[in-house]
Amino acid sequence: MKHYEVEILDAKTKDKLCFLDKVEPNATIGEIKSMFHKSHPQWYPARQSIRLDPKGKSLKDEDVLQHLPVGTTATFYFRDLGAQISWVTVFLTEYAGPLLIYLMFYFRVPFIYAPKYDFTTSKHWVVHLACMCHSFHYVKRLLETLFVHRFSHGTMPLRNIFKNCTYYWGFAAWMAYYINHPLYTPPTYGEQQIRLALIVFLFCQIGNFSIHIALRNLRPPGSKTRKIPYPTKNPFTWIFLLVSCPNYTYELGSWLGFTLMTQCLPVAFFTLVGFIQMTVWAKGKHRSYLKEFRDYPTLRSPILPFIL
C-alpha cells in the first residue's frame, strides 16, 4: 500500500507550516487536521480550514485523501478560521437572552419605566398573553437546541455569538419595552383580532416543531449524511411538497401572528428583518439541494409556495 506525503502551506503567505510523512491513503481530512494540530497546538481542528487551492472551498472532514485530486505528495492550504464556539452554546445564549429580557420588562423591574409603575402589571390581558407566547417560543427553541437539533457543523466562529446576541437581545428589549409599556394600547379589533392571531401563532409553532422533528429524523446520530426531506404522516410536514425550508415558513407565520396579536411596530419590524434573513438562508439551502440531488422536486420554492 502506497503512502502519501502531505505538506500544508499557509493560504496567504504560501509558507510551509507542516510536513506529514507516510500518511495512510484512507486518512480523512479530519485526521490530517488532528496531525496538524499536534505540531501547531494553537490551531485546534475546529478552527482549521484545509483547502486544495488557497482561495478554494474548505474540504470536508470526511473527505478521504486517496479520493482527492492530489498526487502521492499532496499539497494543502491552511486558513485560520479564528476562535470557535459550539453551535449549542451559541443557540442557548442567544435564545435565553430574549426570554429573560422580555420577562424583565413584563414584571416591570425598576429603572425601566417611571417609578410609580415598578412591579405593576398591565391592565390589558393581551399583554399577559403576549408574554406567554413570547416565553413559549423561546423555551421551545431552548429545548429544541438541547434535545432535537443535530448540527452538521459542531462549531461556529466566536465572533458570531456577539452578532447574534445583539440581534436577538436587542429586538427582544425593543419589543418588550413597547408591549409592556404602561401606555400600551390593545389591538384595534380587540378580542377577535387577538384570538385569530393566537390561532395563527400556535398553528405555526406546532408546524415549526413538526418540521424540526422531521429534519432530525433524516440524520442518524453522529452522522453528517444529507437526504431530501419529504412529507411524513404528520399533516404539518405536507408543506414539504411546495417549500424547501418550511421551518422558516412556519417561523415567519409565528411572528406574523405575534405582530397581529400585539399590533406593535417593533414586532412588525423584527418580523420583516427576520423574513429577509430567513429568505437568504432558504434560497441558499434550496440551491444546495438542487445542486446535490438531481431528483430534487422541481415544484418546491425556497420559503413561500409559488412566490419566493
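Q: What makes up residues 166-184, helix or strand?
A: The chain there is 74% helix and 0% strand. Helices are DSSP runs of H or I with at least four residues, strands are runs of E with at least two, and both are numbered from the N terminus. The end C-alpha atoms of this span are 25 Å apart. This is a predicted model: local features need pLDDT of at least 70, side-chain atom pairs count only at pLDDT 80 or more, and totals for chains, interfaces and linings use all residues. Residues are numbered from 1 along each chain as its sequence is written, and side-chain values use heavy atoms, with hydrogens and water left out.

Q: How do you know that UniProt lists residues 166-184 as "transmembrane region"?
A: An unreviewed UniProt entry lists 166-184 under that name, and also 236-258 among others. Positions follow the numbering used here, feature names are shortened, and annotations may be inferred rather than shown by experiment. Residues 236-258 are 57% helix and 0% strand, with end C-alpha atoms 20 Å apart.

Q: Why is Arg141 called buried?
A: Buried means under 20% relative accessible area, exposed over 50%, and partly exposed in between (1.4 Å probe, protein chains only). Arg141 has 11%, so Arg141 counts as buried. Arg141 sits in helix 3, residues 125-147.

Q: What does Arg141 touch, leaving out residues up to four places away in sequence?
A: Arg141 touches Tyr95, Tyr168 and Glu251. Contact means heavy atoms within 4.5 Å.

Q: Why is Lys14 called partly exposed?
A: Its relative accessibility is 43%, so Lys14 falls in the partly exposed class. Lys14 lies in the loop between strand 1 (4-10) and strand 2 (16-23).

Q: What makes the phi of Lys14 worth a look?
A: Most residues other than glycine have a negative phi. Lys14 is not a glycine, yet its phi is positive, near 70 degrees.

Q: Which phi value does Gln263 have?
A: Gln263 has a positive phi of about 45 degrees and is not a glycine. Gln263 is in the loop between helix 6 and helix 7. With a relative accessible area of 40%, Gln263 is therefore partly exposed.

Q: What makes six residues in the lining of the largest cavity nonpolar?
A: Ala, Val, Leu, Ile, Met, Phe, Trp, Tyr, Cys and Pro count as nonpolar, Asp, Glu, Lys and Arg as charged, and the others, Gly among them, as polar. By this rule the lining has 6 nonpolar, 2 polar and 1 charged residues.
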